[in-house]
Amino acid sequence: MGRNIFRKSSLTLLCLISITSWVSSYSHTTPPMGNPVTPLEIRDNHRHRITWSQPVMNHPSIQEYIKYFSKDEGREYLIRCLERAEPYWDFISRELEKKGMPREIIYLPLIESAFRTAAVSRSGATGLWQFMMNSIGPYDITVDAWRDDRRDFWRSTDAALEKLAYNYERTGDWLLALGAYNCGLNRMTRTMDSSGISDYWQLKDRGLLPRETGNYIPKLAAVAFLCEARSIAGLPLDWKRHSGWTRIPLERSVDLRKLAAEADISAALLMDAHRELNYGVTPPPSSGYYLKIPSEYQEKISNILNTETQLISFKRYRIQSGDTLSEIAQWYRIPIAYIKEYNPGVESRYLRIGQILLVPVIDESIPDKPGYLADHVMTDWTGLYIVQPGDSLWKIARQHQTSPEEIAAGNGLPLESTIIPGMQLSVPLTGE
């Protein structure tokens, strides 16, 4: 796959020199290391590598965007976007490099979402890369009661790059592939076929592209030009380098705030990295969810996850007359699936007055529903039960109107414990 995002653009050296000179008039900051910035070799000096594929054509629309983003509110906007991009910058950059895709694509989320993972457009496009619901089908993106992976920086980046690569395969040109990302591949190919034109600039200048698509590449080109020569454009240099992100498959649900406290790391860091979650709690283990963490914390967090450390909060709730699972879930603002996950086998039609459920807590500010059992209000656990052949914690819990977690906790057992016939278990007295 080619690296030259602007390979079809024709530009004389004089054109680029004029643009560079114009930008320089706004800032005369000397680049680090004293390396000169030449028109055909614009260097990202703080990373010591050439990053600009090839100069773009000197199109008037590009110069207009350069003027806007080079001063006042335009430059302040770029600075804010680059600050938001910091946690994801190296991740996206490495993915582009691995796939052999043009580096300038790293600025596409700036155009699409201003690097806001939770951005939602008026049309419903969501996340860094602004996926619509009707466009997620081919990709590893899940949207359900638990999460919206369009806000997942890892999964959405994978999907966006896969989509762009396919657009390039179909159009044979990166400008057309990027334009198709904006207006849709079918619309772009139909326009190309009907006009017989396969050059983005000709399509733009003849008014054959939607207005937004016609401004899409000039805006991207201007932003990339200025950001790749930050010292010239008066943009702050970022000298930080992240160690990268890693993913850990989860075998249980985790409250990110509790995990952060246990690992002594920033809760904001974990919450920001998991913007796809509708709650601060990861989905049930059956969902195949992956935790995303900075690589330097991998060993520390893996060790915590491999212990019996409690990483989610619960409240005990005693079923009242007329209760349903949907009503309880609505009160505590959680999916019904979450109650079922921690109370196996429970169904609304089988609820019994006095039965005790474990309710996962995602928001401590929610007032308690009548029926809530405070931690100091304990069920009478003076009952004794002899384990019978075929018994399980779930079966015993149902017989005693409680939950497997309560039985396990009341007997000092891990939830995954194997019980054998003849074991004596403490149980709540039936009817309490």
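Two notes on the source. This is a predicted model, where local features need pLDDT of at least 70, side-chain atom pairs count only at pLDDT 80 or more, and totals for chains, interfaces and linings use all residues. Residues are numbered from 1 along each chain as its sequence is written, and side-chain values use heavy atoms, with hydrogens and water left out.

Back to α6. The helix spans residues 174-183, and nine of its ten residues are buried. Buried means under 20% relative accessible area, exposed means over 50%, and partly exposed is in between, with a 1.4 Å probe and protein chains only. The buried residues are Trp174, Leu175, Leu176, Ala177, Leu178, Gly179, Ala180, Tyr181 and Cys183.

Now the ends of that helix. At the N-terminal end, aspartate 173 is the cap: one of its side-chain oxygens sits 2.8 Å from the backbone nitrogen of leucine 175. Just past α6, glycine 184 has a positive phi of about 105°.

Next, lysine 292. Where is lysine 292 found? It is in strand β4, residues 290-294. Is lysine 292 buried or exposed? Its relative accessible area is 1%, so it counts as buried.

Its side chain has two polar contacts to show you. One reaches the side chain of aspartate 152 at 3.4 Å. Another reaches the side chain of glutamate 276 at 2.6 Å. The criterion for a polar contact is a pair of N or O atoms within 3.5 Å; within protein, one must be able to donate a hydrogen and the other to accept it, and residues adjacent in sequence count only if both atoms are side-chain atoms.

Beyond neighbours within four places in sequence, lysine 292 is in contact with Asp152, Phe153, Trp154, Trp245, Thr246, Arg247, Leu270, Ala273, His274 and Glu276.

On to charges. Side chains of opposite charge can pair when their charged atoms come close. How many salt bridges does the structure hold? The count is 18. A salt bridge means a side-chain nitrogen of Lys or Arg within 4 Å of a carboxyl oxygen of Asp or Glu.

Lysine 292 and aspartate 152 form one of them, with their closest N and O atoms 3.4 Å apart. Lysine 292 is in strand β4 and aspartate 152 is in the loop between α4 and α5, so this pair ties together parts 140 residues apart in sequence. Aspartate 152 counts as buried, at 2% relative accessibility.

Another salt bridge joins arginine 257 and aspartate 255, with closest N and O atoms 3.0 Å apart. Here arginine 257 is partly exposed at 34% relative accessibility, while aspartate 255 is buried at 5%.

Then there is aspartate 323 with lysine 369, a salt bridge at 3.8 Å, N to O. Aspartate 323 sits in the loop between β5 (313-318) and α14 (325-332), and lysine 369 in the loop between β6 (356-361) and β7 (372-373), so the pair ties together parts 46 residues apart in sequence. Both aspartate 323 and lysine 369 are buried.

Which residues do salt bridges with shared partners join into one network? They are Asp140, Arg147, Asp149, Asp152, Arg155, Glu276 and Lys292.

Now serine 156, in helix α5. Serine 156 is buried, with 1% relative accessible area. Setting aside residues up to four places away in sequence, serine 156 touches Trp129, Phe131, Asp149 and Arg150.

Last item: backbone angles. Aspartate 72 has a phi of about 50°. Aspartate 72 belongs to helix α3, residues 72-99, and is exposed at 53% relative accessible area. Alanine 114 has a phi of about 60°. Alanine 114 lies in the loop between α4 and α5, and is buried at 3% relative accessible area.

That's my tour. Over to you.

Technical notes. Helices (H or I, at least four residues) and strands (E, at least two) are DSSP runs, numbered from the N terminus. Contact means heavy atoms within 4.5 Å.
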